[in-house]
Amino acid sequence: MDQSRSKLTFSLVIVVGFLTVCPVVMLALGSVSEGLTAFGDFTPDKYIKAYTDPALLDVMVNTVIFVLGSSVLATVLALFLAYLNTRTDIPFKFLFKVLSIIPMMIPHLLFSVSWALLLNPSNGMINTVLKGALSLESAPFNIYTLQGMILVEALLDLPIAYLIIAPAMASFDVALEESSRVFGAGTWRTLLRVTLPILRPAILAAFVLGVVRSLASFAVPSVLGMPGRVNVLATHLYEMISLGFATDYGKAAAVGMSVLATSVTLIYVYRALTAESDKYVTISSRGYRPAVIELGRARIPLFTIVAVLSLFMIVLPVAVLLYTSFVPYTMVPSARAFSLMSLKHWSDVLQDPLSLLALKNSLFLALAGATLGVVLSVFVGYAIVKVKTRASGLLESLSFLSFSFPGIVIGVGFMWFFVQTPLYATIWALLIGYIATYLPYGVRPMASAFVQVHAHLEESSLVCGASYLTTMRRIIVPLLIPGIVSAWILMATMFVRELTLSVVLSRPGTEVLAVQILRFADDGLWGKLSALGIIMILISTSLVVLATLVGARFRTVEGGG
Amino acid sequence: MEIRIQGVSKYYFSEGKTIKALDGVDLTIPANQIFTLLGPSGCGKTTLLRCIVGLEAPDTGEISIGDEIVWSKDRNISIPPEKRGLGMVFQTYAIWPHMNVFDNVAYPLQVRNVSRDAIRERVEKTLRFVQLEGFENRPATKLSGGQQQRVALARALVAEPKVILFDEPLSNLDAKLREETRKELKAFLGKLKITAVYVTHDRIEALALSDTIAIMRAGRIIELGSPQKIYFDADHEFVADFIGRANLVKATVRAQDAEYTVVDCGMGTITCQRRDFAVGSEVTLCLRPEFIRLVRGEGGGGKNVVDGRIDSLIFVGEAYEAEIRVGNELLLAKFDSDVNLKAGDAVSFTLDPAHCLLVSI
């Protein structure tokens, strides 16, 4: 049995290693090659060309401001919300849960588009309304700026930061704070000297993850940055490989190498931080509730802030898209606008062969990709949790690696690989790329599912007289099903909306939903875009709802101890 | 059924070192008794249990249950756990969280292809036996710790095995519940004709439950006997120390007679129950705190009267725990809580020779 286990781990290391290391190696090789077609001859030219590009300095400055700005804002907002939810008597606490799962339902691309529709300087709805109401010369807001990008990216990264900080705060032992109070420190001093330092690993982890995500972010910079010619690294790379006369994959690879190196470093910092943050979990028993701080007069104003934030993050984007999909052109809601409403954009989209093809491709990728990805994740999760060898440790690190992959950079690496194979420009290229990039989203739920299956559960079945096969069928598989379901749904929702990898790998015939939406955005076809976007949201939402229902069904028999 | 273990060893390899989890264990577990393997953690007791049940394969030796050899290195026999027909209660209970109480208990019968009606009847009977009637449709994980423990017991008993094994089944319960469950378990097992092998590191649990106790250390069985034998008449210092609180005093054998062995030690000359030690050999005198009896007033003058001074005195409710300084020795003693003493008082006490136990070092 031990031998077959190590064989399994070994072959998984090869498969996962291929998926994650291959694009990195190809990217590295590509960065020192002449081009996609002249692969193999060493040349340092691309690095020289890429790093002496006068535009790069601007791009770097923008990137740093964008990345740090959005990560700081997201972390501060998350800290604020987490504190309100776990430690105060703020009303309507369910809102916080809603706020933390919304990004699953609204793809980043559509969220960015909805903000462009609201706040673009020429005909953004809020701008138009304010211009009329205050009789202004020009639009008061311009979302096509660095500030606009930072705001939108921060709102997108907020839920993830919240999901890291809130549990740390909820498991915080209030006695630590109370003792500080007893020794004479006031509320603020306690917050600064005790609470925040103890939460530091969690806060830093949220911040670092924010940096990795905004560095990889393509939706916000492409929708909000490119119209105002505010380029960051992601859009800089995109321009090199898809715009202009001479696409230069080598130069993109050369720049991509440093983006990738930064991301990989940061993600290992993040991992170390979360490990440390787990050490700080001071309370683990059940039924424990930290003392609740009464907000008093601040209760209503603080709640208003949360309510407005929820409005911005949930209601407004969907409402704007829905509204835009019905009106003939961009206009402020009015009696006239409502009288002009029609299903024209919807029927246009549903008759547009390209959109239908994209829909078909995305659905295929979601269903087939998630299924294959989960099968792989089951084996990887088993090897990581149940087979504790050096090889399984390596496997864990490998499967975690792609968590750091900026889609557009890794896409360039895959490009180099697929060009050498018959898979180039086929849907299979996207499928492999998706699974490689999103593998951690499948492995993590599976690994925690395997952790739950204690060896005794398996052994007691054997002692009861059940054969190994019966044990598999009646004990192990049923216990894993919740993990399998959530891994599948998570991967499927990711694949339905995938943008960053797809913009690199998608070719005529292999269009996917997000790429088609981006194309509508470039052409200013907001109505069609909104109709297609709503379809995309509907697909993701129904998958999430399905996940919640299935999860709830299994939760009734889970837990205990 | 009797369990015979002959020459069983089990080795683990870790960081280049070989660890002997079991080191040539020879043991016969008599039929229809509660037999306890007791020892500190890491002594190999759980490994031995897992070898009996078949979840671990020993590296040498032979194990037979009743007339059947279930493991033999030399004869190349290895019966898998599911074919050994035993019952087992795990430390974590191993209650399957996706099944209700009925399905958990019915499982051993279901995998034996027992008819549906017979299963229902036997599960009901077993649940009644462990006092869990009416819990059939509860999700098993929604039960309290003590109830889960009884589900695990019911599951182990339902197929009416001849042997049931317990791997520290009470260690996950809180102190009060542990005591209650211990009593219940003893009552349940007393009603059945079954061989029970029980693993624990809790000496009180072992004393209270067992017909026979085997003390293990470093992969070997050191001593075997009834709870009284182990507590009062242990042969080894390790056993005497492990099974209860004891004062261990270095002593030298001075004389032997028909009834007593007399030793010299830091407290003077003490007459002890007879043990076969050569005159002049080094031994350990083991004194249980509860057998250090105060001499009231000036009386005494009999055997083993010792004078000392109270070093410290702690009130623990039902008794005083005193540390008495006698020469260089500091003895722990237990006095009735109504004595009128304080630290610094001079005291005399007697030691009944029957409770002065000599053990080999």
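1. In this predicted model, Ile3(B) has Ile65(B) of strand β4(B) as its bridge partner. A second pair along the two strands is formed by Arg4(B), which stands opposite Ser64(B) in β4(B). Taken over their whole pairing, β1(B) and strand β4 (residues 60-65) of chain B are antiparallel and share five bridges.

2. Strand β1 (residues 3-14) of chain B also pairs with strand β2 (residues 17-29) of chain B, here through nine bridges and again in the antiparallel sense. Within this pairing Val8(B) is found opposite Val25(B) of β2(B). The two strands make a hairpin with two residues between them, and Glu15(B), which lies in the turn, has a positive phi of about 50°. As background to that value, most residues other than glycine have a negative phi.

3. These pairings belong to an open sheet of five strands in chain B, ordered β2-β1-β4-β5-β6, in which the pairing is antiparallel. The edges of the sheet are taken by β2 and β6 (77-78) of chain B, and because each has a single partner strand, one side of each is left without a neighbour in the sheet. In general, the strands of a sheet pair through backbone hydrogen bonds, which may be parallel or antiparallel in sense.

4. Between β2 and β3 (34-38) of chain B runs a loop that holds Asn32(B), and this residue, although not a glycine, has a positive phi of about 55°. Asn32(B) has 16 other C-beta atoms within 10 Å, and it is therefore classed as partly exposed.

5. Although Leu192(B) and Leu157(B) are 35 residues apart in sequence, their C-alpha atoms are 9.8 Å apart in space.

6. How do two of the helices of chain B meet, and at what angle do helix α2 (residues 101-110) and helix α3 (residues 116-129) cross? Their axes come within 10 Å and cross at roughly 125°, so α2(B) and α3(B) are oblique to each other, and the crossing is right-handed. On the side of α2(B) the contact is made by Phe102(B), Val105(B), Ala106(B), Leu109(B) and Gln110(B), while α3(B) contributes Ile119(B), Arg122(B), Val123(B), Thr126(B) and Leu127(B). By type, the residues of this contact of α2(B) with α3(B) are seven nonpolar, two polar and one charged.

7. Turning to chain B as a whole, there are eight helices and 21 strands, and the C-alpha trace spans about 75 × 50 × 45 Å along its principal axes. Of the 361 residues of chain B, 40% count as buried. Where contacts in chain B join residues at least 6 apart in sequence, 65% of them join residues at least 24 apart.

8. The contact with the other chain takes 22 residues from chain B and 21 residues from chain A. On the side of chain B that touches chain A, the residues divide into 14 nonpolar, four polar and four charged.

9. One residue of chain A also deserves a remark on its backbone: Ala425(A) has a phi near 65°, which is a positive value in a residue other than glycine. Ala425(A) lies in the loop between α18 (407-419) and α19 (427-452) of chain A, and with 16 C-beta neighbours inside 10 Å it counts as partly exposed.

How values were computed:
Residues are numbered from 1 along each chain as its sequence is written. Chains are lettered from A and ligands numbered from 1 in the order in which they are written. This is a predicted model: local features need pLDDT of at least 70, side-chain atom pairs count only at pLDDT 80 or more; totals for chains, interfaces and linings use all residues. Helices (H or I, at least four residues) and strands (E, at least two) are DSSP runs, numbered from the N terminus. A residue is buried if 20 or more other C-beta atoms lie within 10 Å of its own, exposed if 12 or fewer, and partly exposed in between; C-beta atoms are placed from the backbone. Two residues are in contact if their C-beta atoms, placed from the backbone, lie within 7 Å. Two strands pair if DSSP finds at least two bridges between them. Ala, Val, Leu, Ile, Met, Phe, Trp, Tyr, Cys and Pro count as nonpolar, Asp, Glu, Lys and Arg as charged, and the others, Gly among them, as polar. Axes are lines fitted to C-alpha atoms, for helices over the stretch in contact, and angles run from 0 to 180 degrees between N-to-C directions. Angles under 35 degrees count as roughly parallel, over 145 as roughly antiparallel, 65 to 115 as roughly perpendicular and the rest as oblique. A crossing is left-handed if the near helix is turned anticlockwise from the far one by less than a right angle, and right-handed if clockwise.
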